[in-house]
Amino acid sequence: MSTDRNKIPDELIKVIKTLLNLIVLLVFALLLLPVLFYNSDSINKFFFAAPPSEKTTSADPAVVSAGAVPVSLYWKAADLNEINDAKKLEQISYGKDLIAHTAKYLGPNGSVLHISNGMNCQNCHLDAGTKVFGNNYGSVASMYPIFRARSGVVEDINKRVNDCVERSLNGKALDTAGNEMQAIKAYIEYVGSNVEKGKKAAGSGFKDLAFMDRACDTEKGSAVYKTKCMSCHQANGEGLLTAGASEFTYPPLWGKHSYNDGAGLYRITNFAKYVKYNMPFGVTHDNVQLSDEEAWDVAAFVNSQMHPHKNTPKDWPDISKKPVDHPFGPYADKFSEHQHKYGPYKPIAAEQKKREETAKQKETASAKK
Ligand code: HEC
Ligand code: HEC
């Protein structure tokens, strides 16, 4: 008897339930939006309120300022386990091994060639170039080929890798058509294949470090070295090569087996950023041990010690583009080589900024004529 009247509310309830479900889904989707679009700068700033980081002046694409990005949002290398093609996997794995254990293949006792100083790429590109702010390769596949002011030309990945071979490994360039370069390139391209073309991966390259007001102090740096570095990198700075081993247990920081004076790490800003967020070995960018001053001073100390010399007459064809800490003149300003190398950097950076602004104004003025 109750039949007809009861049927209608039953259906109504169903409809209302479906509607409620839909609303819940919609709210969820809206909440998820910012997470999905975390790459977008504005949303990032809005939700994660990145503090304005004091930018150091650098002409290098590898230097990215990331602000306060939640850990889960930093770039993670594409997973080698997801490669199905056996041949491709073999080549990319070889590339990874060449980066992690370069000396085994290309060092003074290398099994393939003898073209480098015995260091591994991984000594400076931690975890085979995948560690957050450990000078990783996150932005290489997405950003190269790219114009670099150091060479004044557009560089592809081969050229950039050989730059590190000739400077950081103080060696002889690899044949770009050879198996080794092809494997290294395939690996670097693969790990960064999950980054959109033209975009930089969060946490790639180095994390910024604010300039000090004073110059870096090599004596203070020497004290930092003794207490915080020497136990591994040794009193003479030449690292530790275990007898019979093909690679360094602790790589050299100076001396004849170290990077040469044309290398990126020979610039004190690069060294300080690397060390602040990665040394003593084991620290991470969000759990550091060195103060900013310790990082700057120890960088100055290490780079005041002997490094092999490389002639680089073609570097910085436009001298006005030299980074503030480039240790060799001539410069577009009146600051000494000593101040460029050791700082204080702030006055140099300020003048560089002014110069760039004047140049821009001139450009727009002449465009109007
Ligand atoms: C516990 C041992 C240990 C301590 C202490 C340590 N390092 Fe290292 N360091 C290493 C190891 C190991 C590597 C190479 C990492 C790799 O290949 O994965 C390295 C790499 C480096 C590199 C890059 C490669 C090179 O040789 O140029 C620099 C620069 C460096 N360390 C500087 C420092 C400085 C400066 C300190 C002191 C503040 C320091 N390290 C303290 C173990 C250490
Ligand atoms: C002594 C330290 C050191 C070693 C060893 C080293 N590199 Fe580098 N590499 C750097 C520094 C520092 C930079 C970035 C600064 C610069 O551009 O000057 C860099 C940059 C790069 C870049 C460009 C990254 C970017 O985001 O633009 C690539 C690619 C690269 N290295 C590959 C290699 C390979 C491959 C090896 C081994 C064959 C190697 N590096 C060995 C220090 C090193």
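I call a residue buried if 20 or more other C-beta atoms lie within 10 Å of its own, exposed if 12 or fewer, and partly exposed in between, with C-beta atoms placed from the backbone. By that count, buried residues make up 38% of the 369 residues in the chain. The model is predicted, so I note that local features need pLDDT of at least 70, side-chain atom pairs count only at pLDDT 80 or more, and totals for chains, interfaces and linings use all residues. Residues are numbered from 1 along each chain as its sequence is written.

I looked up the elements next. The chain has 15 helices and two strands. These are DSSP runs (helices H or I, at least four residues; strands E, at least two), numbered from the N terminus.

Then I turned to H10, residues 218-228. Gly221, Val224 and Tyr225 are buried there. Seen down the axis of H10, they fall within an arc of 105 degrees, so they line one face of the helix. The arc is that of the directions from the helix axis to the C-beta atoms. Glu219 and Thr227 are exposed on the other side of H10. The buried residues of H10 pack against H11 (230-233) and H13. Contact here means C-beta atoms, placed from the backbone, within 7 Å.

Last, I checked H12 (residues 268-278) with H13 (residues 292-302). In H12, Ile268, Phe271, Ala272, Val275 and Lys276 meet residues of H13, including Asp292, Trp296 and Val302.

Note on methods:
Chains lettered and ligands numbered in written order. Axes fitted to C-alpha atoms, helices over the stretch in contact; angles between N-to-C directions. Contact = placed C-beta atoms within 7 Å.
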